[in-house]
Amino acid sequence: AAVADVHRLMSFHEPGSELSRLNRDAASRAQDVDPRTFDVLALALAIAEASSGVFDPTIAPWLVVWAYLPQPA
């Protein structure tokens, strides 16, 4: 059940996931976010900062372009 929750919230490939909704809509208006999603995104940004960008949580679109990830729906 916990894995299903993570998938429902944070899947890059599922158009109905919370992460996909954030990617689509966050620039246009404020969004409600599950606390677990918020915690994961905050940690990812902290790791990116601590690693001087070596860890990049925004790289997924490039991984699609380079064919390391499939194109999301």
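**View 1. D34 caps the N-terminal end of helix α3.** In this predicted model, a side-chain oxygen of D34 lies 2.8 Å from the backbone nitrogen of R36. This is a polar contact, defined as a pair of N or O atoms within 3.5 Å; within protein, one must be able to donate a hydrogen and the other to accept it, and residues adjacent in sequence count only if both atoms are side-chain atoms. Helices are DSSP runs of H or I with at least four residues, numbered from the N terminus. D34 has a relative accessible area of 18% and is therefore buried; buried means under 20% relative accessible area, exposed over 50%, and partly exposed in between (1.4 Å probe, protein chains only). The model is predicted, and local features need pLDDT of at least 70, side-chain atom pairs count only at pLDDT 80 or more, and totals for chains, interfaces and linings use all residues. Residues are numbered from 1 along each chain as its sequence is written, and side-chain values use heavy atoms, with hydrogens and water left out.

**View 2. D5, R8, D34 and R36 are linked in a network of salt bridges.** A salt bridge is a side-chain nitrogen of Lys or Arg within 4 Å of a carboxyl oxygen of Asp or Glu, and by this rule the count comes to five. R36 forms one with D34, the closest N and O atoms being 2.9 Å apart. R36 also forms a salt bridge with D5, with 3.4 Å between the closest N and O atoms. This pair links distant parts of the chain, as R36 is in helix α3 and D5 in helix α1, 31 residues apart. D5 in turn meets R8 at 3.6 Å, N to O. D5 and R8 both lie in α1, three residues apart, about one turn of the helix. The relative accessible area is 27% for D5, 46% for R8 and 39% for R36, so D5, R8 and R36 count as partly exposed.

**View 3. Helix α3 (residues 35-50) has a buried side and an exposed one.** The expected span of a helix is 1.5 Å times one less than its number of residues. For the 16 residues of α3 this gives 22 Å, which agrees with the 22 Å between its end C-alpha atoms. The buried residues of α3 are T37, A44 and A48. They cover an arc of only 35° around the axis, so they are on the same side of α3; the arc is that of the directions from the helix axis to the C-beta atoms. P35, F38, L43, E49 and A50 are exposed on the other side. The buried residues pack against α1 (2-10) and α2 (18-25), where contact means heavy atoms within 4.5 Å. After α3 comes S52, whose phi is positive, near 55°.

**View 4. S20 is a buried residue of helix α2.** Its relative accessibility is 10%, so S20 counts as buried. Leaving aside neighbours within four places in sequence, S20 is in contact with S11, F12, E14 and P15. The C-alpha atoms of S20 and A73 are separated by 9.7 Å, although the two residues are 53 apart along the chain.

Key: Helices (H or I, at least four residues) and strands (E, at least two) are DSSP runs, numbered from the N terminus.
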